[in-house]
Every structure is written in C-alpha cells, then in structure tokens.
Amino acid sequence: MASPVKQTRMSATERRELVLAAASRAFARDGYHGTSTDAVAREAGVSQPYVVRMFGSKSRLFADVFDRAMRRIMDAFEPCFDDVATDPENDESWLPMGIAYTELLEDRDLLLVMMHGFTSGANPEIGALARDWMSRLYTQIRTRTGCSPERARTFIANGMLLNTLLAMQVPEHAGQDPALEELARVRVRQHPGRRGLRELIRDLRFPLLILLIGQAAGHDGSVRKGRRRGPSR
C-alpha cells in the first residue's frame, strides 16, 4: 500500500507572496476601484478574512502590490547603470536599460498595476506612494548614470508612452488605426521592412528598445550606422 504523500506547508512569506501575486493579477485586470478583497481572495484561493487579516485594507494591499511592481523595475535597472554612466550622452550606453525595460513590459500585469497606481492619486495613501516612487525612479536614473535631466525625463516619458499603448491594447488592434501605428513606429523609421504594429510590439528586443531610448539622444530618430539592427523580413 502506497504511503500518503506528505504535504509541505507554505511559510508565512510564501503565503504572502501567493496573495500578492494573485492581487497583482486581480488589480491589473479590474483596476483599484473594480477589485475587492473578496475578488483577490478568490484569485488566491484563500478566504477574504485571511486577506484582510494579512494586509488590513484594500488600499494597503494595493500599496504593497504597487510597491512590489516598482521594486521590480528598480531592480531591473540596477545592473545597467554602470554601462550608462560610462558615457551617458551616447545613445548606445542606454541599450541595456532599454532592454531591461522592454523585458519588464512582457509582464502585462506589472504594467497595468503601475498604470493603476499612477492614476489613483486621489487616494491619499496610493497617491503619496506613486509620487514617491516616480521621484525615486527619476533620482535613481539621474544620480546613478550622471545623465542630464532632459535625458532622464525623456527615457521615462518614452517608457510611459509604451505603457499607455500597451494598456490600451493597441497591439491587439493592429491595422485598425494608421495614426496609432505611426505613433508606435516613431524612432524605428529605418527598421527593415517597416513591420506592422503587432510585430513591432511583439519583437521587444529591437523596435521598442529604439522607441524607448531613441529620443534620449535628441536626434531625428534615424537608426545610425553601426547600431544594432533587427532581422530582415
């Protein structure tokens, strides 16, 4: 007779991470106002009182989810700063940061949680947290790379443009609006084949990378000779 399988109990840290991951999915899908602690509990497979006991309130839970998302972004940038700092006025130095950010964009829940946090400024707790994280992100880029304020602003601005395009599900509606395709194609005008928006956003390694960092150079957006090229189509 086979012996029963022994189940391993999760630690408190693991249970907390389980709920945070479920809350990230729920908040990303339905936003702060459209998500209840009961919905988070169902997503996590736990009871609603358990969620409240662990986090105290919905706003505190969302604050922890938002904090978790922003820390992932900061941690992703951290290994890239030394490369940028070698020559912050050179476009090529920003490639590692562009790659790091476009990899993060593959996690749609991360993106949407960040967007919901930035648009919840009317909530005193969340608004204060969002402003603090944006300040810390800008300060981190400026101080660790030694770049100019304009470069830091442009890098963040282009990142927010990507966030907005993806949050609007522009890739899922490729071919429906030439203006949006043109907007997403900015800074990749010489990319071979001038591929459609769906492919541009799916191929994160090159086109969106150029979109992210191209304007930081302060040039006309052309891909200069010697820069990394995407595959021919």
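Colleague: What pLDDT does the protein average?

Modeller: The average is 78. This is a predicted model, and 76% of the residues score at least 70.

Colleague: Where does pLDDT stay under 50?

Modeller: Over residues 186-233. The model has 94 contacts beyond four places in sequence for that stretch.

Colleague: How should I read coordinates where pLDDT is low?

Modeller: Where pLDDT is low, the predicted coordinates should not be read in detail.

Colleague: OK, the fold. How many helices and strands are there?

Modeller: The protein has 12 helices and zero strands. From the N terminus on, the elements run α-α-α-α-α-α-α-α-α-α-α-α.

Colleague: What share of the residues counts as buried?

Modeller: 45% of the 233 residues.

Colleague: And contacts between residues at least 6 apart in sequence: what share joins residues at least 24 apart?

Modeller: That share is 67%.

Colleague: Let's look at a helix pair. At what angle do α1 and α4 pack?

Modeller: About 95 degrees, with the axes 10 Å apart. Helix α1 covers residues 12-30, and helix α4 covers residues 58-77.

Colleague: Are they roughly parallel or roughly perpendicular to each other?

Modeller: Roughly perpendicular. Angles of 65 to 115 degrees count that way, and α1 and α4 pack at about 95 degrees.

Colleague: Which residues meet there?

Modeller: From α1, Arg16, Glu17, Leu20, Ala21, Ala23, Ser24 and Phe27. From α4, Lys58, Leu61, Phe62, Asp64, Val65 and Arg68.

Colleague: How do the residues of that contact divide into nonpolar, polar and charged?

Modeller: Seven are nonpolar, one is polar and five are charged in the contact of α1 with α4.

Colleague: New topic. Where is Asn163?

Modeller: Asn163 lies in helix α9, which spans residues 149-167.

Colleague: Is Asn163 buried or exposed?

Modeller: Buried, because its relative accessible area is 0%. The cut-off for buried is under 20%.

Colleague: What does Asn163 touch?

Modeller: Leaving out residues up to four places away in sequence, Asn163 touches Tyr101, Leu105, Leu111, Met114 and Met115.

Colleague: Take Cys80 first. Does it count as buried or exposed?

Modeller: Cys80 counts as buried, because its relative accessibility is 8%.

Colleague: And Cys147, buried or exposed?

Modeller: Cys147 counts as buried too, at 1% relative accessibility.

Definitions and conventions
Residues are numbered from 1 along each chain as its sequence is written. This is a predicted model: local features need pLDDT of at least 70, side-chain atom pairs count only at pLDDT 80 or more; totals for chains, interfaces and linings use all residues. Side-chain values use heavy atoms; hydrogens and water are left out. Helices (H or I, at least four residues) and strands (E, at least two) are DSSP runs, numbered from the N terminus. Buried means under 20% relative accessible area, exposed over 50%, partly exposed in between (1.4 Å probe, protein chains only). Contact means heavy atoms within 4.5 Å. Axes are lines fitted to C-alpha atoms, for helices over the stretch in contact, and angles run from 0 to 180 degrees between N-to-C directions. Angles under 35 degrees count as roughly parallel, over 145 as roughly antiparallel, 65 to 115 as roughly perpendicular and the rest as oblique. Ala, Val, Leu, Ile, Met, Phe, Trp, Tyr, Cys and Pro count as nonpolar, Asp, Glu, Lys and Arg as charged, and the others, Gly among them, as polar. pLDDT is the predictor's confidence in each residue, from 0 to 100.
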